[in-house]
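Subject: A structure for you to look at

Hi,

Here is the structure I promised to pass on to you. Please open it next to this email and follow along as you read.

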Amino acid sequence: MACNSCSTGKDGQPKGCKSNGTCGTDSCNKLTVFDWLSNMSLPNGMTPFNWVEVRFKNGRKHYYKNTENLTLSIGDIVATQAKTGHDIGMVTLTGELVRVQMKRKKISENAEEIYKIYRKASQKDIDIWSAARDKEEPMKVKARQFAIDLKLQMKISDIEYQGDASKATFYYTAEERVDFRELIKVFAKEFRTRIEMKQVGFRQEAARLGGIGSCGRELCCSTWLTDFRSVSTSAARYQQLSLNPQKLAGQCGKLKCCLNYELDTYLDALKAFPKTDVKLQTQKGTAVCQKTDIFKGFMWYAYEGEWMNWHKLTTTQANEIIALNTKKKKVSSLEEYAEELIEDTKTDFENVVGQDSLTRFDSPKRNKKRRNNRNRKKRRPQNNAK
């Protein structure tokens, strides 16, 4: 999404609003919550909720108490309390919806560590903050090179400066535990600031960096998905997807989160299906399941030794045969069940505007002049006779 202040250049390429994720309308930010109570007034005698949601770089959000009773609205740049010094962020939500979000994320209003909002950011605060953010990209290039030189099995994915430029947080991903004590010494000597290392998962890294998925839309983790549930290969098996890691893996290198979206629907549909490892006992032989169609409710079985000949059955028929087998009874064959489902595959094709003719445009055109000359010659002797 883009806000109204974003512009397009002469070459058709978007220029953007140049605000680096702090636009006033808050419509190009990630994980934005729509304040649907903004046009509603509070009942008489009710005070507004004095907590505010503040967003920092790449979707990082925290909740602060408005102890100074500042008049804040979405898009305001504020100076907030940090463990040491202060940080600069943008207000993304105010009012009663903040209470709902805090309850959803299990954040207590009476916690021991309660951070507050100091003030609305002054121009000096914003200048220091902008200058610090401009240093992040060149710092990231150097930091990655230092990690390579020390032969550490880690990847530095992002760097975030605190608003007062007193601390830099390095986000990294690693498969195993990393001893980065020597790396911190190199960082502190080179960058001349306090260093904090924070390990994130591969899904969290993709959420911070963002991107476009194989579906053509922005990544779910960077736009609206806030909780990352584990995804296993069984989710792909239940949905009868080919276990191709190149197709099932997202940009984080893990299985796509969207594999869980329709899994419950598939599991409900599979309750009517018998287990595929159960064999059907018939007088003609033993049949093994080869394929299932969850949407249409069909199953295909083949006799052992006749793997090329498949017989289509419904789930009701398959369950009926299994019920008879449990009673030590056998049906004569699968053909008597499969005959009911034989479909007529013949289709009648109709001639639609002569589309079946490949030479319909090759017919020669008649010469009208020659035809008119013949008509004139026939008419002349009649006139002479008169």
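**Before you start**

This is a predicted model, in which local features need pLDDT of at least 70 and side-chain atom pairs count only at pLDDT 80 or more, while totals for chains, interfaces and linings use all residues. Residues are numbered from 1 along each chain as its sequence is written, and side-chain values use heavy atoms, with hydrogens and water left out.

The pLDDT is the predictor's confidence in each residue, on a scale from 0 to 100. Its mean over the protein chain is 82, and 80% of the residues reach 70 or more. Over residues 19-27 the pLDDT is below 50, although this stretch has 23 contacts in the model beyond near neighbours in sequence (a contact means heavy atoms within 4.5 Å). Where pLDDT is low, the predicted coordinates should not be read in detail.

Helices (H or I, at least four residues) and strands (E, at least two) are DSSP runs, numbered from the N terminus. Two strands pair if DSSP finds at least two bridges between them.

Valine 52 stands opposite tyrosine 64 in β2, and valine 54 stands opposite histidine 62 in β2. The hairpin of these strands has five residues between them, and asparagine 58 takes a positive phi near 55° there.

A second open sheet has the order β6-β7-β8, with mixed pairing. β6 and β8 stand at the edges with a single partner strand each, so one side of each is left without a neighbour in the sheet. The twist averages 25° from one strand to the next. β7 and β8 pair in the parallel sense over six bridges, and alanine 168 stands opposite isoleucine 195 in β8.

Helix α3 (residues 136-149) lies across β6 and β7, running at about 145° to β6. How do α2 and α3 pack? Their angle is about 35°, with the axes 5 Å apart. Ala132, Arg133 and Asp134 of α2 meet Glu136, Glu137 and Pro138 of α3.

**The largest pocket**

A pocket is an open set of points on a 1 Å grid over the protein atoms alone, where a 1.4 Å probe fits, with protein on both sides within 12 Å along at least five of seven lines; lining residues have an atom within 4 Å of a point. The largest pocket holds about 1,400 Å³ of space, a volume being the space filled by probe spheres set on the points. Of its 47 lining residues, the closest to the centre are Gly59, Arg60, Lys61, His62 and Lys198. β2 gives the most to the lining, with four residues.

Enjoy exploring!

Definitions and conventions:
Axes are lines fitted to C-alpha atoms, for helices over the stretch in contact, and angles run from 0 to 180 degrees between N-to-C directions.
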